[in-house]
Amino acid sequence: MKNIVILISGSGSNMAAIIRAAQRENWAQTRQARVAAVISNKADAQGLVFAREHGIATEVLDHKAFATREAFDSALAALIDGFDSPAQPVLVVLAGFMRILTPGFVQRYAGRLTNIHPSLLPAFGGLNTHQRALDAGCQFAGATVHLVTPELDHGPILAQAVVPVVPGDTAEVLAARVLTQEHLIYPRAVAQLLQKM
Ligand code: GRF
């Protein structure tokens with residue numbers, strides 16, 4: 001059995017989409033995988049409620065309790081490694097996890113650490129992607145699932161989805177349109193990666 005550990009900071013709608021897909025598609029049987037835990041750096045992250053309601057173990061690790069980024073990341077890795085063994089390898093899924101990870105953390109889970117970013121990478125890495133796409137006059141926007149490498153919002157692309165930009169779009173309206181596609185491509189990309197593990 002492979003252990004999926006999902007890291008969140010907020011609403012967790014991508015996390016919920018993955019949990020739903022795992023249940024609907026019976027990943028325990030079809031992919032020998034389960035969502036083992038959800039970890040948040042914020043105690044009030046809405047996604048924690050959904051995870052608990054779906055019987056998934058949750059942990060909160062408050063980054064403010066750590067003096068350095070390295071100290072937080074090594075505590076986070078220690079939590080994740082509780083779900084990692086040769087027989088039960090872990091896949092770490094970032095889903096709206098609003099922390100920059102240290103190179104050491106990224107290297108520890110190389111090839112089994114994924115992220116979703118709400119733009120068509122390599123365009124518009126970083127924050128405020130939707131407003132920046134609108135300001136640039138883009139006619140299309142979208143989302144990217146990628147393997148995480150030490151450089152922020154880079155790394156091999158696993159999946160992308162494209163949506164049109166519609167006249168009159170605000171960043172919020174465009175974000176909502178992109179998010180519906182995120183919920184389709186992230187579970188699919190995770191399922192495909194599980195096949196290769
Ligand atoms: C998504 O747009 C994701 O691409 C970005 O942060 C947002 C998280 O939303 N990284 P949610 O917490 O999954 O609802």
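What share of the 197 residues in the protein chain is buried? In this predicted model, buried residues make up 46% of the chain.

## Fold and dimensions

The protein chain contains seven helices and seven strands. Their order along the sequence is β-α-α-β-α-β-α-β-α-β-α-β-β-α. The radius of gyration is 16 Å, close to the 16 Å that the globule rule gives for 197 residues, so the chain is as compact as a globular protein of that length.

Among contacts with a separation of 6 or more, 64% are between residues 24 or more positions apart.

## Surface and charge

The accessible surface of the protein chain is about 9400 Å². Carbon and sulfur atoms account for 55% of that surface.

The chain carries 16 positive and 15 negative charges. The mean position of the positive charges and that of the negative charges are 6 Å apart.

## Aromatic pairs

The count of aromatic pairs comes to two. One of them joins Phe 66 and Phe 72, with 5.7 Å from centre to centre. The planes of these two rings are at 70 degrees, and the pair is edge-to-face because planes over 60 degrees apart count as such.

The two partners fall into separate accessibility classes. Phe 66 has a relative accessibility of 27% and counts as partly exposed, because this value lies between the 20% and 50% limits. Phe 72 has a relative accessible area of 1%, which is under 20%, so Phe 72 is buried.

## Backbone features in loops

The loop between β5 (113-117) and α6 (129-135) holds Pro 122. The peptide bond leading from Leu 121 to Pro 122 is cis, with omega near 10 degrees. Asn 128 also has its place in the loop between β5 and α6. Asn 128 is not a glycine, yet its phi is positive, at about 55 degrees. With a relative accessibility of 61%, Asn 128 counts as exposed, because the value is over 50%.

Gln 32 is placed in another loop, the one between α2 (27-30) and β2 (33-40). Phi of Gln 32 is near 50 degrees, a positive value in a residue other than glycine. The relative accessibility of Gln 32 is 42%, so this residue counts as partly exposed.

How values were computed
Residues are numbered from 1 along each chain as its sequence is written. This is a predicted model: local features need pLDDT of at least 70, side-chain atom pairs count only at pLDDT 80 or more; totals for chains, interfaces and linings use all residues. Side-chain values use heavy atoms; hydrogens and water are left out. Helices (H or I, at least four residues) and strands (E, at least two) are DSSP runs, numbered from the N terminus. The radius of gyration is taken over C-alpha atoms; the globule rule is 2.2 Å times the number of residues to the power 0.38. Buried means under 20% relative accessible area, exposed over 50%, partly exposed in between (1.4 Å probe, protein chains only). Contact means heavy atoms within 4.5 Å. Accessible areas come from the Shrake-Rupley method with a 1.4 Å probe; for residues, only the protein chains shown count as cover. Lys and Arg count as positive and Asp and Glu as negative; His and the chain ends are not counted. The place of a charge is taken as NZ of Lys, CZ of Arg, CG of Asp or CD of Glu. Rings of Phe, Tyr and Trp (its six-membered ring) pair if their centres lie within 6.5 Å; planes under 30 degrees apart count as stacked, over 60 as edge-to-face and the rest as tilted.
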